[in-house]
Amino acid sequence: MFSNPSFARIGKSIAIFAIALSFLLGTAVPPGMARDLPLRDPEFHGNINETYVTSEADDNLLVSPAQPPEGAPNIVLIMLDDVGFGASETFGGPIHTPTLEKLAAEGLRYNRFHTTAMCSPTRSALLTGRNHHSVGSGIVTNFATGFPGYSGRIPQSTATVAKILQSNGYNTAWFGKNHNLPANESTSVGPFTHWPNELGFDYFYGFNDDSGETDQWYPSLYENHIPISQPSYPDEDGDLNRSYNLTRDLADKAVSWVKNNHSLSPEAPFFLYFAPGATHAPHQPPPFYTEKYQAEGIHAIAAGTPQGMFTEGWDVLQASICEKQLEMGIVPEGTQCTRRDKEIRAWNNPMFNSDNDEYRGLMTKQMQNYAGFLEYTDVQVGRMLAGINALGEDVKNNTLVIYVVGDNGASAEGSFYGTCNVWATYTNHDYSMDENLDCQEEWGNPGTAPHFAIGWAWATNAPFRWTKQVASYFGGIRNPMVISWPDGIDEEAKGELRDQFLHVVDVAPTILDVVGIDPPSEVNDIWQKPMEGASFANTFKSEGEDATPLRDTQYFEVLAHRGIYHDGWMASSFNQAPWINDDSNLEEELQDNWELFNLDDDFSQGDNLRPRRHEDYECPDDAETIDDKESDLYYSCKLEELKTLFDREAKEHNVYPLDDRFNGRAFIERPTVLGDRTEFEFYPGSTFLPGAVAPNFALTDYVINADLNISDPDSVQGVILANGGDTSGFSLYVNKRHRLVFEYNYLNLDRTKIVFKGKLPRNKTRVSFFFDYKDDYPNSGDQENSRSLCFEPFEMKDGRPNLDDSSDIEVRSIGCGGTGYLYVDGEQVASKYIEKTFMGNFTDSFDVGMDARSPVSENYGDLPFEFTGGEIEKVTIDLDPVEVIPASSIDSSPGEVASSEEVAPESEPSHEELIDRIIQEIVQRLGK
């Protein structure tokens with residue numbers, strides 16, 4: 001950074017002063033002379049003459065400068081996903097977590113550990129030791145905006161703890177979820193600046209999905225920079241308990257990596273970051289684990305509920321968790337079990353009524369499935385740790401395990417009913433009760449992508465209010481943490497509870513503190529922001545129960561939910577319910593809806609101390625000068641001080657401007673590798689392209705041309721182009737009967753197949769698919785008395801299609817339909833009307849020559865159903881075709897398929913017929 005040596009010395013002095021100052025303010029690891037990274041190569045101190053005989057070598061030149069401190073511990077950092085504070089048995093919940101239990105007995109439990117309320121923000125803060133807005137991660141990466149706190153790009157001025165450890169001689173690896181990668185950097189052509197390898201990890205095995213989740217049966221897998229196929233598929237032997245599932249695979253890979261490193265360099269310490277996708281939706285455990293909680297399951301019998309656990313609903317569950325937490329001492333005596341907010345429906349609400357209470361039976365299964373998912377994940381964590389411990393007592397005893405049970409509270413993103421397809425819910429197509437019941441038997445199995453009902457999220461966050469996304473209340477931000485370190489935790493302290501107010505930014509400084517490494521002032525000649533967390537290693541001692549935290553202030557903000565903690569007090573401002581994805585609650589001036597809590601007396605934020613006439617009081621400069629500490633004046637002034645403190649912290653850490661848009665930010669244009677092109681060429685080998693950066697076929701006409709060279713028309717089969725997966729997508733393929741098919745899968749609810757019943761010709765041939773999107777129809781009729789099932793895409797407001805507020809008919813957020821046409825060598829051979837289309841990019845992947853992830857179609861052969869019997873020379877796509885295919889050129893009424901042998905005059909349904917069909921569908925759904 002400084003070319004002049006004098007300036008360099010001044011810069012170093014400033015760095016030391018900044019670190020010391022931040023320590024005095026309670027925001028850094030203990031100060032010391034930080035070493036710049038990478039460490040400089042050693043200087044030669046030997047003697048060189050004309051030949052080696054008279055020269056003196058310096059053996060230090062053969063030694064890497066990156067050497068860890070003597071006795072440095074191994075580090076295993078575990079972070080689960082979307083787990084409520086009260087879910088696990090270790091913290092008073094109903095779900096068995098044997099690994100967490102064992103670690104807690106051998107180590108320490110922490111009951112005041114906090115996250116940020118969402119995935120990407122928490123993970124960026126965990127790895128860097130800085131607040132999430134300070135590292136551009138104020139919201140999930142896929143909703144990034146052009147403001148410093150929300151760019152979705154961890155800056156080079158905030159090196160991760162892995163980068164620091166790696167540069168000091170640690171072997172480093174990351175297994176599982178990466179939700180801190182900008183979408184336009186997520187392809188195999190890079191840039192790789194924000195990939196795990198460039199963030200300090202020698203090895204990465206996991207998923208980079210822009211959405212922060214992946215299918216557990218058909219994951220989006222990467223090894224380092226390379227997208228790869230999963231080792232096997234879940235249905236190969238028909239036993240889902242034995243077949244492939246992602247979390248088991250991650251545990252196997254982690255053990256293999258540790259053992260390999262131990263074989264080659266047993267003295268080198270390792271840093272292993274284990275971040276499975278669980279228990280983020282989709283909830284997809286092997287059925288064996290779900291069955292433990294169902295009728296006659298071993299856990300149900302042990303709980304005295306042989307008919308199955310959770311049958312009494314979430315209100316009863318929340319109360320029972322609170323009771324158990326008090327009994328165990330997880331929460332202080334007198335802690336209130338907070339009330340369910342009125343926006344969250346009661347278990348006995350009439351909206352869940354169905355024949356024979358069938359729907360409450362399905363919602364019970366949702367929770368049983370979630371419980372199985374969490375237990376299964378914890379068991380895989382145990383398998384991983386057992387593999388490490390098998391390397392010997394020295395390895396086991398000097399391994400620090402930090403187990404963070406969730407990157408935020410349990411998620412309320414599954415709708416009031418729960419959903420069999422979480423991607424439908426994300427796009428505002430909440431599955432109806434009947435639609436969910438249709439997949440009840442397969443819930444959690446391949447082909448489903450389930451999430452539980454909102455009520456279960458609230459219950460498992462007990463004793464707190466609210467859920468994931470709500471950064472101002474502990475239901476969104478307080479997660480369990482367990483730490484085990486046989487050599488580093490005092491024997492007298494093992495098994496104890498710690499209640500210091502900690503935050504995820506404190507983890508990285510703690511790791512560096514126990515290892516004995518100071519944060520660098522420069523990395524690759526880039527000046528580093530001081531870490532904003534503080535070490536809590538003092539809690540590992542026998543007197544750690546009374547250890548004073550090195551930090552007494554922490555702000556919180558996500559989606560305009562605001563919170564500020566200081567010296568035992570908490571001020572919280574709620575914005576809007578976390579299942580409202582499309583509306584903004586912000587105005588030019590923020591609402592003054594803050595609440596005040598004294599956390600020394602109120603563990604659960606159950607007692608709001610804000611006076612009703614808060615604005616009527618005049619406050620002194622310092623609220624502590626007020627004698628009556630229980631007066632309305634004191635509470636009002638304390639709240640004003642905290643609000644002022646939040647504003648100061650927000651300005652310092654790039655929190656402004658506040659933005660509560662969820663899906664609204666999804667529609668913002670961001671850089672992509674495809675730019676603004678509408679024409680594309682893809683070749684064989686173009687596979688695993690993430691859906692977020694693939695061509696977007698939504699709400700438009702498009703043409704797909706595939707140039708093939710068929711060697712054997714009687715054996716040709718396989719995928720030509722697949723886009724998406726079993727939750728939604730389309731595929732152009734040749735089926736097992738050697739027939740050309742275009743299949744459109746709308747949210748796994750409606751599947752449309754357009755089939756050419758003839759054979760493809762030998763040698764060179766071109767197959768084409770044309771989609772004629774009907775964006776002006778059927779909305780062009782009498783809109784006072786009817787309403788389309790699709791929105792007009794050109795009328796947008798707050799990031800979503802704008803609807804007439806006068807309508808009392810629930811309209812689902814889907815794309816309009818259109819007619820699809822198949823062509824072979826320019827001859828039209830089949831067509832069909834596709835009634836519903838997806839409104840954005842598909843999830844999963846875009847693949848030429850195979851379907852590399854979850855299958856779009858249920859009618860493939862063996863996965864990944866690669867194209868055989870010929871070659872694919874090229875696939876071209878045009879998303880803005882000049883020529884519109886004539887609607888009258890081929891006959892195909894709904895429910896029928898034209899073929900090369902059966903081509904008749906076109907007879908599309910009239911406008912009136914379509915309106916009538918739509919009204920009938922609305923009436924049927926309202927009736928359900």
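A: Buried means under 20% relative accessible area, exposed over 50%, and partly exposed in between, with a 1.4 Å probe and protein chains only. Strands (E, at least two residues) and helices (H or I, at least four) are DSSP runs, numbered from the N terminus. This is a predicted model, where local features need pLDDT of at least 70, side-chain atom pairs count only at pLDDT 80 or more, and totals for chains, interfaces and linings use all residues. Residues are numbered from 1 along each chain as its sequence is written, and side-chain values use heavy atoms, leaving out hydrogens and water.

Q: How many residues of β15 are buried?
A: Six of the six, residues 553-558, so β15 is largely enclosed by the rest of the structure.

Q: Which ones point which way?
A: Thr553, Tyr555 and Glu557 point one way, while Gln554, Phe556 and Val558 point the other way.

Q: What joins β15 to β16?
A: Six bridges, and the two strands run antiparallel. Two strands pair if DSSP finds at least two bridges between them. Glutamate 557 has arginine 562 in β16 as its bridge partner.

Q: And what phi does leucine 559 take in that hairpin?
A: A positive one, near 55 degrees; the hairpin has two residues between its strands.

Q: What is the strand order in the open sheet?
A: The order is β15-β16-β17-β18, with antiparallel pairing. β15 and β18 (594-598) are at the edges with a single partner strand each, so one side of each has no neighbour in the sheet.

Q: How many bridges join β17 to β18?
A: Five, with β17 covering residues 569-573. Tryptophan 569 has asparagine 598 in β18 as its bridge partner.
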